[in-house]
Amino acid sequence: MGFPRSAILFIALMTSTPAAMAMEVTNRPDFDAGVEAFRQGNLEEARIFFERARAAGTNSPSLLYNLGVVYFRLGDLESAETVFLTLLETPHAPLAYYNLGLVKQRMGKVGDARQWFERAASEDSPEEVQTLARHQLADVTAESPLGQRHGSGYLAVAGGYDDNIAGTPDDVSSDKEGGFADALAAGTVQLGMKELSLHGVAFTRQYPGNSAFNNTYLSTGASLPKELGDGELTSTLSLSASWFGGDPLEREARVEMLYHPDRCGLAPVVSGVECSVSGSVSTIDGGSDYSAYDGEMLRFRASADKALGSWVLSGHYQLEDNHRRDLSTQQEFFSVSPIRNLVSAEVRHYVSGRFSLGGKADVRYSRYKDDQRFVSNGALVSERRTDNRLRGSLLAEYRLAGEWMMLAEWSMLDNRSTIERYDYSRREVMLGFETVF
């Protein structure tokens, strides 16, 4: 459970507010000193100056907004809520709705947070506030701490068509096609305010006409967020298992550390950016027929997100280093230990409060650590495998009644390898429904 992404976008937004609203309280030296301390990151000093200005009789929206942000950043959520509630009868109410959603989310009151975000996402709000609120509504189940209901969940069901069903590993094709049905369920239970949380995920994809390619994934784990410096560090331990064609494929134990800074390092270049970095170490045991996958995996990931009007832009980089047993026979050897570099980008446009369109694309380069040895045309061939994979998708979401969403997605994948047998392309189309509760 990381620090909410939109919360950091909010902080970036509010950092620019003092200058924009300072005209409301000219000739107020305490307010000006508080603005300067805020800009320099001296939050406790900013709080003292803002409170002194308020005690002297200044109650302008600019002062209240900035005082509320300082309280929020300092973790004094009750004071932040009190301040933002005073702004509900002002022209700045839409941003106050959003602020209150973030406060309730940080308190762990998911239901209350969702209500405030829904009010902020209405068409009466400024476009940028609508965008942030809609983005937060989409992520509130996965990323917000829990409290009042002590838990939340996510459910999705979908069906579609795959023109080249993937075997295992994921970059081997079967040259078979057919329809599929997906089901995904996820849930989280909070054991204490901003304390330990438990989570679980269950996913299955069934191919009615090709059951040998059915796959299932189960995961459970625990996360513990802690304030660290100018951000939040979340430590997660997870255990997972997967099955392919009904047979055990892998069991994985993973330790992950995720850090969300309050202020992204890109802020001096591009304002309003939220970013995070994470690293994980996994130990993997393959099933009885997949012992080649035994070993370890290291992963590093960096992400950045930015709201721009009714658009949300995201970018990611991931480095993965695999150390597996690999598969060898008397003559042949097949490496399943790649080093992978992946770069991805996503854009989402919120056409209205109910309808959004988006696109995703990623490029992955994989280099396997040892030469493959295999028989080709009666001769033993030795060659290092490197793959270049391009994947892209177009998606649309429409909000139905309540928390139900209808989604549609078309995707393509093209893999090119130095070893011809690993060249393949794949297309999928999918239609489904999802909800949070």
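A residue is called buried when its relative accessible area is under 20%, exposed when that area is over 50%, and partly exposed in between, with a 1.4 Å probe and protein chains only. The model is predicted, so local features need pLDDT of at least 70 and side-chain atom pairs count only at pLDDT 80 or more, while totals for chains, interfaces and linings use all residues. Residues are numbered from 1 along each chain as its sequence is written, and side-chain values use heavy atoms, with hydrogens and water left out.

Tyr 98 is buried, with a relative accessible area of 1%, and Phe 117 is also buried, at 0%. Rings of Phe, Tyr and Trp (its six-membered ring) pair if their centres lie within 6.5 Å, and planes under 30 degrees apart count as stacked, over 60 as edge-to-face and the rest as tilted. The whole structure holds 6 aromatic pairs; among them is that of Tyr 98 and Phe 117, which is tilted, with 5.5 Å between centres and 50° between planes. Because Tyr 98 lies in helix α7 and Phe 117 in helix α8, this pair ties together parts that are 19 residues apart in sequence; such helices (H or I, at least four residues) and strands (E, at least two) are DSSP runs, numbered from the N terminus.

Turning to strands, two of them pair if DSSP finds at least two bridges between them. Strand β16 (residues 386-399) pairs with β13 (residues 355-368) in the antiparallel sense over 13 bridges, and 13 bridges also join β16 to β17 (residues 405-417), again antiparallel.
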